[in-house]
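Subject: Structure handover

Hello,

Here is the structure I said I would pass on. My notes on it follow below.

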Amino acid sequence: METRQRQADRTRETKRKLMEATVECLVEHGWSGTTTTVVAERAGVSRGAQLHHFRTRGELVAAAVEHVGAESVEVLKRRAAVAEKSTHAVVELIADFHASDLFTAALELWVAARTDPELREQVLDLQARLGREVYGLALELLDVDDTEPGVKDAVQATLDLVRGLALANQLGDDGKRRAHVVRYWARILEEQL
């Protein structure tokens with residue numbers, strides 16, 4: 001039994017290393033530079049170990065983004081638990097979440113999925129699940145009910161806005177403008193909710 005537990009622990013650790021290395025490679029090298037060989041090397045695992053857990057680059061990348069996305073949502077929840085409960089603070093938290101390396105990695109995945117049908121299926125499923133998670137979290141953090149008139153549209157507009165701000169941040173530090181837009185939008189959102 002102890003041997004099985006050690007093997008399970010090694011398996012979890014190998015997968016964690018591969019997932020973290022994949023996201024780091026996507027951020028640093030983009031989709032075209034994120035090969036399974038480069039990821040295995042960066043993770044410090046053999047190519048065989050990498051192939052045992054993830055047969056294709058698409059599987060590896062989708063699993064990595066999903067894992068880190070779920071982890072990031074948990075981090076966001078912990079940050080929200082101790083943060084100020086104003087609308088501005090919530091919009092700022094969500095904007096910071098979208099301006100993370102995870103968004104950069106996901107963006108690389110989305111662009112590649114546009115022309116790769118197999119990857120597109122994985123990304124559409126991943127996008128839908130993470131989108132629902134972040135939407136639900138936004139409702140919870142803003143303490144609003146999306147059955148009330150206008151709430152669903154206002155929250156979805158907030159998420160669309162912060163994704164756009166995160167996209168604008170890809171080619172250079174757009175933090176100052178983002179902070180201004182977040183403050184402005186939080187005032188509008190406060191009125192809407």
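Helices here are DSSP runs of H or I with at least four residues, numbered from the N terminus. By that rule Thr158 lies in helix H8. Please keep in mind that this is a predicted model, so every value below is computed from predicted coordinates.

Overall layout

The chain has 9 helices and 0 strands. Read from the N terminus, the order of elements is α-α-α-α-α-α-α-α-α. Along the principal axes, the C-alpha atoms fill a box of roughly 55 × 40 × 30 Å. Of the 193 residues in the chain, 40% are buried. Taking contacts between residues at least 6 apart in sequence, 64% join residues at least 24 apart.

The core

The largest nonpolar core has 54 residues. Those touching the most other members are Leu18, Trp31, Val65, Leu109, Leu119 and Val155. Two or more core residues come from each of helix H1 (2-33), helix H2 (36-43), helix H4 (57-82), helix H5 (87-98), helix H6 (101-113), helix H7 (117-142), helix H8 (151-168) and helix H9 (175-192). H7 gives the largest share, 10 residues.

Val65 is one of the core residues listed above. Apart from neighbours within four places in sequence, what is Val65 in contact with? The partners are Val23, Leu26, Leu102, Ala105, Ala106, Leu109 and Leu126.

Helix pairs

Two pairs are worked out here, H1 with H6 and H4 with H5.

H1 and H6 have axes 8 Å apart and pack at an angle of about 55°. The two helices are therefore oblique to each other, and the crossing of H1 and H6 is left-handed. On the H1 side the contact uses Val23, Leu26, Val27, Gly30 and Trp31. On the H6 side it uses Asp101, Thr104, Ala105, Glu108, Leu109 and Ala112. By type, the residues of this contact are 7 nonpolar, 2 polar and 2 charged. Val23 and Leu26 of H1, and Ala105 and Leu109 of H6, are in this contact, and these four residues are also among the partners of Val65.

For H4 and H5, the axes come within 11 Å and cross at roughly 155°. Angles over 145 degrees count as roughly antiparallel, so H4 is roughly antiparallel to H5. The crossing of H4 and H5 is right-handed. Ser72, Val73, Leu76, Arg79 and Ala80 in H4 meet Leu93, Asp96 and Phe97 in H5. The residues of this contact divide into 5 nonpolar, 1 polar and 2 charged.

Individual residues

Thr158 has 2% relative accessibility and so counts as buried. Beyond four places in sequence, Thr158 is in contact with Val91, Trp185 and Leu189. Leu159 has 3% relative accessibility, so it also counts as buried. Leaving out residues up to four places away, Leu159 touches Ile94, His98, Val134, Tyr135 and Ala138.

His53 lies in helix H3 (residues 47-53). Is His53 buried or exposed? Its relative accessibility is 19%, and buried means under 20%, so His53 counts as buried. Not counting residues up to four places away in sequence, His53 touches Thr11, Thr14, Lys15 and Leu18. Leu18 is also one of the core residues that touch the most other members.

Gly131 is in helix H7. At 31% relative accessibility, Gly131 counts as partly exposed. Its C-alpha atom is separated by 16 Å from that of Thr104, which is 27 residues away along the chain.

Asp143 lies in the loop between H7 and H8. Most residues other than glycine have a negative phi. Asp143 is not a glycine, yet has a positive phi of about 55°. With 69% relative accessibility, Asp143 counts as exposed.

Regards

Technical notes:
Residues numbered from 1 in each chain as written. Predicted model: local features only at pLDDT ≥ 70, side-chain atom pairs only at ≥ 80, totals over all residues. Heavy atoms only, no water. Core = buried A, V, L, I, M, F, W, Y, C linked by side-chain atoms within 4.5 Å. Buried < 20%, exposed > 50% of the residue type's maximum accessible area, 1.4 Å probe, protein only. Contact = heavy atoms within 4.5 Å. Axes fitted to C-alpha atoms, helices over the stretch in contact; angles between N-to-C directions. Parallel < 35°, antiparallel > 145°, perpendicular 65-115°, else oblique. Left-handed = near helix turned anticlockwise from the far one by under 90°. Nonpolar A, V, L, I, M, F, W, Y, C, P; charged D, E, K, R; others polar.
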